[in-house]
Every structure is written in C-alpha cells, then in structure tokens.
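Student: Please take a close look at one part of this model, the strand pairing, and set it in its surroundings.

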Amino acid sequence: MVLNDGDIHAEIKNGRIVIDPLDLGDVQPASVDVHLSDKVLVFRNSRRPYIDIREDVSDLTEMVDIRDDAPFILHPGEFVLGSTVEDIGLPDDLVARLEGKSSLGRIGLLIHSTAGYVDPGWRGRLTLELSNVNNLPITLYSGMPIGQISFTRLSGPAQRPYGSEQLGSKYQGQSDPTPSRAYRDFQA
C-alpha cells in the first residue's frame, strides 16, 4: 500500500521516516518532493578505453560544485551523478520509490536509470543518475526540486534491512554523489 499524505506526515512525526531538511510544503498527496544538492559527479574522459566494473571507477570522476550564481549545464547525451539535499531514513517495514518530476521529464531530464528503489533500512542522501535525453542542454540549479519519493508498506518488517552487517551494503550513509562500488562484488 502506497502511503498518502496523512500517513507520510504521521510516519515523519513518529520518527519512522526521516527527511532532513523537510519543508512540509514538499509533502504531496502521495509523495515528498526532494531537491538537487550543490554537487555533481562528472565523468571525465580518460586514457581508459572502457569501464571495467571489477575496478574502482572513482578516478574517472570529478566532483563539481553548482554555484548559486551559475547553473550546471547538462549537455545532450551527458550522464552525471547528483544527490538529494535531503537525508532520507526508512524503517525496516517501508520501501521508497524515487521518481522524476513530470515537468523535468517533459524537457528530457531523467533522474535515475535503474536506482529508483530505496530499500527498508536505508539511511543517507540518495544518489541521482542524471541524464539529458533532449537535443538541447538543460540547466540544473542547486536546491531545485528534482524528484519525488513515495513510500510503500511491506507485508512485515524486512529480516535483513539495508545496512545489515550480513548484506555488506555499499552505499549506506552516503552524503555526496557516490560513484559505483560494483567492484566490491568481485572482491573476496
């Protein structure tokens, strides 16, 4: 069952859903608006001819600050990582779904490729997979509404929520756009 605005308010008041900072005006009928932080992680061309998922790719990226006086320009076909301003925390019996704002989708801005699912037990800022599928550049501003998160109640608490020691959760507690850590799946 997807939570409505009343349920979202109750879960936040009870401390079960954490959204920090939170403007109560961002609570929509069945979701909460989230905003773009002031950092994006840009992939730079390198001497590597391809990305090997068995290797750390953090040396292929560079953190760029979005200044208040100048937007970040996302060019056609470009892919960067961003993150939400908000820290999000979920209890062990709720999952969340991150989706783009329809107004931004209508100009060709996608905010996730595959990482729109937020597991029970998650804590941290959400990494956004920003891509421009338009043929014109798109401006991105720090603090702009970038997406919305909805919440669904599980049939019961997860037995091993995200962040559990047995899971080896790679992104728990992240605070900036975080590059892929898929290479950890290949380590003994």
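Tutor: Start with the term. Two strands count as paired when DSSP finds at least two bridges between them. The strands themselves are DSSP runs (E, at least two residues), as helices are (H or I, at least four), and both are numbered from the N terminus. This is a predicted model, in which local features need pLDDT of at least 70 and side-chain atom pairs pLDDT 80 or more, while totals for chains, interfaces and linings use all residues. Residues are numbered from 1 along each chain as its sequence is written, and side-chain values use heavy atoms, without hydrogens or water.

Four strands form an open sheet in the order 2-12-7-9, and their pairing is antiparallel. Strand 2 (32–35) and strand 9 sit at the edges, each pairing on one side only. Take the contact between strand 2 and strand 12 (residues 145–153): four bridges join this antiparallel pair. Within it, aspartate 33 faces glutamine 148 of strand 12.

Step back to the chain. Its secondary structure amounts to two helices and twelve strands. The order along the sequence is α-β-β-β-β-β-β-β-α-β-β-β-β-β. The C-alpha atoms fill a box of roughly 50 × 45 × 25 Å along the principal axes.

Strand 9 (117–118), strand 6 (79–89) and strand 10 (123–132) each give at least two residues to its lining. Strand 10 gives the largest share, three residues. The pocket holds about 580 Å³ of space. Its lining has 26 residues, and those closest to the centre are Ala115, Thr127, Glu129, Tyr171 and Thr178. (On a 1 Å grid over protein atoms alone, a pocket is an open set of points where a 1.4 Å probe fits, with protein on both sides within 12 Å along at least five of seven lines; lining residues have an atom within 4 Å of a point.)

Finish in strand 6, with leucine 81. At 7% relative accessibility, leucine 81 is buried. Beyond neighbours within four places in sequence, leucine 81 has contacts (heavy atoms within 4.5 Å) that include Lys39, Phe43, Thr127, Glu129 and Thr178. Thr127, Glu129 and Thr178 are also among the residues closest to the pocket centre. Isoleucine 111 lies 30 residues from leucine 81 in sequence, and their C-alpha atoms are 9.0 Å apart.

Conventions
Points joined across faces, edges and corners; volume = space filled by probe spheres on them. Buried < 20%, exposed > 50% of the residue type's maximum accessible area, 1.4 Å probe, protein only.
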